[in-house]
Amino acid sequence: MKEIREKTEMRVPLLDLKAQHNAIAEELGAAVSAVMSGQHFILGPEVRQLEEAIASYCGADYGIGCASGSDALLLAMMAVGVEAGDEVVTSPFSFFATAGCIARLGAKAVFVDIEPGTFNIDPAALQQSINHKTKAILPVHLFGQCAEMEAIGDIASSHGIPVIEDAAQSIGSDIGGRRAGSLGLIAAFSFYPTKNLGGAGDGGLMTTSDAEMAGRLRNMRVHGARKKYFHETVGINSRLDTLQAAILLVKFRYLEAWTNARRSNAERYRKLFGESGLIDSGHVRLPRDAGSGRHVYNQFVIRAERRDGLQQHLKEHGVGTEVYYPLPLHLQDCFRYLGYKRGQLPVAEAASEEVLAIPVYPELSSEAAEYVVDKIGSFYSMQ
Ligand SMILES: *Cc1c(COP(=O)(O)O)cnc(C)c1O
């Protein structure tokens, strides 16, 4: 291993939202104050503008804002008619909401294992999990990279089952020349502050190119009302605030630049890790960029030997990291009734013990990236 130079200590957070905010604070202030002057807080004109902008960015015909990414998933499941007794096939290695939306409707989440390099659902495993009860397939585009949507789409259409994309972490990603948000019947996006396009609070959005689905989703987010006070179905109250939409419209103008910065930070890491000797020695493995599309690096997730020790070491040296996700969904207490046992989905289980997200946010400087890799190197050279 290359000799470790002593660098002066730095503080490198996992994500630096203040840096982003400071760069655009004035524009954001103006957008917020315009909404305050208009006082049109619920489904004001900015909501429709954002819906149209995001749908067109994703290559979809319709966008429907809602209160969160979790609600976007729930509304999508409701719109395709998922109910008690149905099954929905999904990934065990994701944020809780991916499975929560299925369980909330009384349906059964069926988990299939992931690919070790991309952390996305393995299409070969998917095929065997489909039966006559399967109502939908819910692949996740994890950490910024699309799942293998062509293979998944082929399996789905051979069974006549809709695909709902969990695109919460992957706005702007694509595969086979098509963007996330246009790869299934409905896609769910999140504007949670840590996502690539993050609001000042919760927010979400669904995209679809199916006019009937779009109408259904629009009704469903206002308690199932076709027009005010006339209810065709039982929906929920889940709207994107006008204030959030106005803020997101400002930030959306920077999304491509931020995404490109994330991608070049990831490239820089690949180079730095390659030179460090950490890969050859087997201490660290890098996330696979499948190369079939555009990875937008919501997270840069390495696999590390003695992960918890490394995380502690980095913390002591001012580097923020996070474990996404420490317990796969099939082993969560609340899903014990599904009957999964440890050992059943070994790739997801191994990932949970090895993964570590390191800073990849757009404003990350090259010095900070070097510092992070240096400190990872110093951990393994210490023992
Ligand atoms: C963030 C996230 C969600 C949920 O989004 P919220 O807006 O926080 O409700 C769903 N799925 C995945 C994969 C996510 O990362």
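First, the ground rules. Residues are numbered from 1 along each chain as its sequence is written, and side-chain values use heavy atoms, with hydrogens and water left out. Because the model is predicted, local features need pLDDT of at least 70 and side-chain atom pairs count only at pLDDT 80 or more, while totals for chains, interfaces and linings use all residues.

Let's start with the ligand. There are 16 residues around the ligand, each with a heavy atom within 4 Å of it. G69, S70, Q169, S190 and K195 come nearest.

Now the polar contacts, meaning pairs of N or O atoms within 3.5 Å. A polar side-chain atom of S70 is 2.5 Å from a ligand oxygen. For S190, a polar side-chain atom lies 2.6 Å from an oxygen atom of the ligand. The side chain of Q169 has an N or O atom 2.7 Å from a ligand oxygen. How much of the ligand does the protein bury? Alone, the ligand exposes 380 Å², and the protein buries 93% of that. Those areas are Shrake-Rupley values with a 1.4 Å probe.

Who builds the shell? Helices here are DSSP runs of H or I, at least four residues, and strands are runs of E, at least two, numbered from the N terminus. α3 (69-79) and α4 (97-104) are the elements giving two or more residues to the shell. α3 has the largest share, three residues. By type, the shell has six nonpolar, eight polar and two charged residues. Gly counts as polar in that scheme.

Next, the pocket. A pocket is an open set of points on a 1 Å grid over the protein atoms alone, with protein on both sides within 12 Å along at least five of seven lines; lining residues have an atom within 4 Å of a point. The largest pocket holds about 410 Å³ of space, a volume filled by probe spheres set on the points. It is lined by 22 residues, with F95, S190, Y192, T194 and K195 nearest its centre. α3 gives the most to this lining, three residues. The lining divides into eight nonpolar, 11 polar and three charged.

Last, the backbone. Most residues other than glycine have a negative phi, and most peptide bonds are trans. F143 has a positive phi, near 65°. F143 lies in the loop between β4 (134-138) and α6 (149-159). Y324 and Y325 are joined by a cis peptide bond, omega about 10°. Y325 is in the loop between α10 (307-316) and α11 (346-354).

Notes
A polar contact is a pair of N or O atoms within 3.5 Å; within protein, one must be able to donate a hydrogen and the other to accept it, and residues adjacent in sequence count only if both atoms are side-chain atoms. On a 1 Å grid over the protein atoms alone, a cavity is a set of points where a 1.4 Å probe fits but cannot get out, and a pocket is an open set with protein on both sides within 12 Å along at least five of seven lines; lining residues have an atom within 4 Å of a point.
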